[in-house]
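Subject: Structure handover

Dear colleague,

Please find the structure below, with the sequence. My notes on it come after.

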Amino acid sequence: MNVKPYGLFACVALLTAGPCLAHDSDHLQGMATATAGQPLAFGPDDALESGIAAASPLVTWKYYFVPAAAMVRRSSSDVSNYVGGGCISATSGMVVSDIQIEDGASIAVVRLYYKDTDASNSVTAWLTSYDAEGGYIDHGSVSSDAATGYGNKAVTLSPPVVVSNSGRSYVLNLRQLGTSTSMQMCGARVFYSIP
């Protein structure tokens with residue numbers, strides 16, 4: 001067999017880069033991960049998540065972020081318009097996205113991202129689970145602060161919601177009150193640990 005040296009080097013480079021490529025694919029899917037001993041990078045607005053992670057340093061923590069532009073209408077009559085940067089402005093109704101995270105994961109925080117320059121209206125996010133028999137549980141919600149512009153706000157789920165994929169499905173619901181173009185839903189993120 002005649003193997004060219006540069007072909008062999010390319011194979012070695014791919015094998016060596018394998019874990020890096022897998023790590024990057026997590027970020028492409030909206031997930032960031034920290035394993036025990038490896039700190040998760042926290043942003044300036046993530047003091048809540050940082051404090052929870054610091055209190056449980058031997059636990060693996062992850063983020064799962066869904067931009068509002070990737071969510072779907074909850075009802076066929078719901079209307080929204082893309083305004084840029086992953087944000088949408090709704091003229092009626094709600095948008096929703098399922099959450100695909102590991103069975104047994106514990107969801108500790110839901111964080112909402114928004115633009116709110118309307119003092120009389122707000123944007124709200126809910127973490128909801130459904131049992132496929134018509135039942136549902138709203139595990140927690142968080143609403144925007146009025147007239148702050150672009151921002152984010154979080155709620156701690158106490159106790160944390162333990163994911164049971166065999167019995168329930170988990171979704172993020174976002175709703176904009178008012179039809180003002182000064183209101184935008186930009187997405188939601190859950191902060192969770194895995195077993």
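Predicted model: local features only at pLDDT ≥ 70, side-chain atom pairs only at ≥ 80, totals over all residues.

Residues are numbered from 1 along each chain as its sequence is written, and side-chain values use heavy atoms, with hydrogens and water left out.

Overall

The protein chain has two helices and 12 strands; helices (H or I, at least four residues) and strands (E, at least two) are DSSP runs, numbered from the N terminus. Their order from the N terminus is α-β-α-β-β-β-β-β-β-β-β-β-β-β. Of its 195 residues, 37% count as buried; buried means under 20% relative accessible area, exposed over 50%, and partly exposed in between (1.4 Å probe, protein chains only). The accessible surface of the protein chain is about 10,400 Å², with 59% of it belonging to carbon and sulfur atoms; the areas come from the Shrake-Rupley method with a 1.4 Å probe, and for residues only the protein chains shown count as cover. Among contacts (heavy atoms within 4.5 Å) between residues at least 6 apart in sequence, 72% join residues at least 24 apart.

Sheet

An open sheet is formed by five strands in the order β3-β6-β11-β8-β9, with antiparallel pairing; two strands pair if DSSP finds at least two bridges between them. β3 (72–73) and β9 stand at the edges with a single partner strand each, so one side of each has no neighbour in the sheet. Inside the sheet order, β6 (residues 94–98) pairs with β11 in the antiparallel sense over five bridges, and D98 stands opposite V171 in β11. V72 lies in strand β3. Leaving aside neighbours within four places in sequence, V72 is in contact with M94, V95 and V96. The C-alpha atoms of V72 and D98 are separated by 9.6 Å, and these residues are 26 apart along the chain.

Cores

A nonpolar core is taken as a set of buried Ala, Val, Leu, Ile, Met, Phe, Trp, Tyr and Cys residues joined through side-chain atoms within 4.5 Å. The largest one has 30 residues, of which I107, L172 and L174 touch the most other members. Two or more residues of this core come from each of β2 (60–67), β5 (87–92), β7 (106–116), β8 (123–130), β10 (149–162), β11 (169–176) and β12. The most come from β12, which gives five residues. Not counting residues up to four places away in sequence, L172 touches residues including V66, M71, V110, W126 and V190. A second, separate core has seven residues, among them Y63, A108, V109 and F191.

Aromatic pairs

Rings of Phe, Tyr and Trp (its six-membered ring) pair if their centres lie within 6.5 Å; planes under 30 degrees apart count as stacked, over 60 as edge-to-face and the rest as tilted. By this rule there are six aromatic pairs. In one of them, the rings of F42 and F191 have centres 6.2 Å apart and planes at 65 degrees, so the pair is edge-to-face. It links distant parts of the chain, with F42 in the loop between β1 (31–34) and α2 (47–55) and F191 in strand β12 (residues 183–194), 149 residues apart. F42 is partly exposed at 30% relative accessible area, whereas F191 is buried at 1%.

For Y130 and Y136, the ring centres are 6.2 Å apart and the planes stand at 40 degrees, so this pair is tilted. Y130 is partly exposed, with 28% relative accessibility, and Y136 is exposed, with a relative accessible area of 53%.

F42, W61, Y63 and F191 are linked into a cluster by ring pairs. The charged end of R189 sits over the ring of Y63, 3.8 Å from its centre; the criterion is NZ of Lys or CZ of Arg within 6 Å of the ring centre and within 35 degrees of the ring normal.

Backbone

Most residues other than glycine have a negative phi, and most peptide bonds are trans. A132 is not a glycine but has a positive phi of about 70 degrees. A132 is in the loop between β8 and β9 (136–143) and is exposed, with a relative accessible area of 83%. The peptide bond from S158 to P159 is cis, with omega near 0 degrees, and P159 lies in strand β10.

Regards
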